Amino acid sequence: MKAVNNFWQNQNQSNQMQQFMAEVFADNDVKQFLTVHQADLSKEAIQRGESKLYEYVHQKNIIKQGGVSVAPGYTPRLVYAAGQIDVSYVPTKEHMEQQAAQELHDRVSTMDMPRNIRQANFHDFWLEGANSSPSRTAAFGKLVSFSQEYDGQHFMPGYYLTGKFGVGKTYLLGALANALAHKGIRSTLVHFPTFAVKMKSAIGNNTTDQLRDQVKAAPILMLDDIGADTLSPWLRDEVLGVILEYRMQEELPTFFSSNFTMDELTAHLAQDNNGGSEPLKAQRIMERIRFLSRELVISGKNLRVKD
């Protein structure tokens with residue numbers, strides 16, 4: 001009785017496989033593939049390739065029905081190679097778009113920056129109507145020109161954006177970083193006051209050098225809100241000073257935003273938390289800032305205030 005059951009089970013499996021293969025050979029893509037390669041494929045080669053033909057149709061149908069294929073994000077394709085039928089997997093359009101979007105995202109590194117910086121772009125910058133101003137338009141033009149001209153091979157100084165709260169300094173830096181990302185150029189945007197706090201916290205676990213070096217070697221560095229807090233001599237000289245010295249020696253473009261003009265920042269950096277003054281050390285920092293960037297004053301309506 002067991003032998004009879006096995007016989008009918010094998011017969012059923014054979015009939016089922018024949019049905020599957022009939023559906024495979026009826027598939028339009030399979031028929032087209034066999035037609036294109038009819039001079040190359042013998043009857044025996046087609047028989048040997050039936051499992052590949054079945055794999056192709058089976059995986060294609062899974063994807064069509066919204067299921068998860070053997071290679072998520074990839075679609076099967078029949079290929080003829082070395083006299084044999086085979087299946088290769090190529091990325092789908094959606095998968096390639098997702099990869100491109102992720103690569104674009106990864107080219108802009110941010111440290112404690114506002115969330116909207118990720119979506120900042122030149123097209124949405126405030127150039128018309130009540131929010132427009134000549135200085136805002138001039139700064140916009142300078143940064144757009146930088147994004148168009150910089151090729152990553154030759155040094156170009158960055159810009160020191162200065163102006164009151166809410167004039168668009170930070171947003172403009174974000175728009176530049178995203179424009180450069182489309183050219184394959186990486187940028188790092190750092191909210192400097194928060195970075196300074198992290199550097200002080202890193203003293204306890206001996207990671208100050210790693211944190212500082214991560215910032216100083218960025219291909220394009222943007223230090224946001226510099227001068228917002230009074231820096232200790234260590235933060236000024238051993239953190240900011242070392243970062244700027246390295247970037248000056250390596251000729252790496254550097255951008256800044258600040259509520260202080262360069263002259264005002266000079267006086268600010270000379271002061272320490274204990275009321276002391278070290279103008280010469282402040283001037284050394286400013287020499288590096290002036291080498292790395294050109295001052296752009298931005299004025300206009302506070303864009304953070306909603307009418």
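Guide: Four residues of the lining of the second largest pocket come from α7, the largest share. This is a predicted model, where local features need pLDDT of at least 70, side-chain atom pairs count only at pLDDT 80 or more, and totals for chains, interfaces and linings use all residues. Residues are numbered from 1 along each chain as its sequence is written, and side-chain values use heavy atoms, leaving out hydrogens and water.

Visitor: Which residues lie nearest the centre of the second largest pocket?
Guide: A120, N121, N178, A179 and H182, out of 15 lining residues. A pocket here is an open set of points on a 1 Å grid over the protein atoms alone where a 1.4 Å probe fits, with protein on both sides within 12 Å along at least five of seven lines; lining residues have an atom within 4 Å of a point.

Visitor: And which helices each supply at least two lining residues?
Guide: α5 (93-106) and α7 (169-181) do. Helices are DSSP runs of H or I with at least four residues, numbered from the N terminus, and strands are runs of E with at least two.

Visitor: New topic. Is S135 buried or exposed?
Guide: S135 is buried, because its relative accessible area is 16% and buried means under 20% (exposed is over 50%, partly exposed in between, with a 1.4 Å probe and protein chains only).

Visitor: Where does S135 lie, and what does S135 touch?
Guide: S135 lies in helix α6, residues 134-149. Leaving aside residues up to four places away in sequence, S135 touches V297, I298 and S299, where contact means heavy atoms within 4.5 Å.
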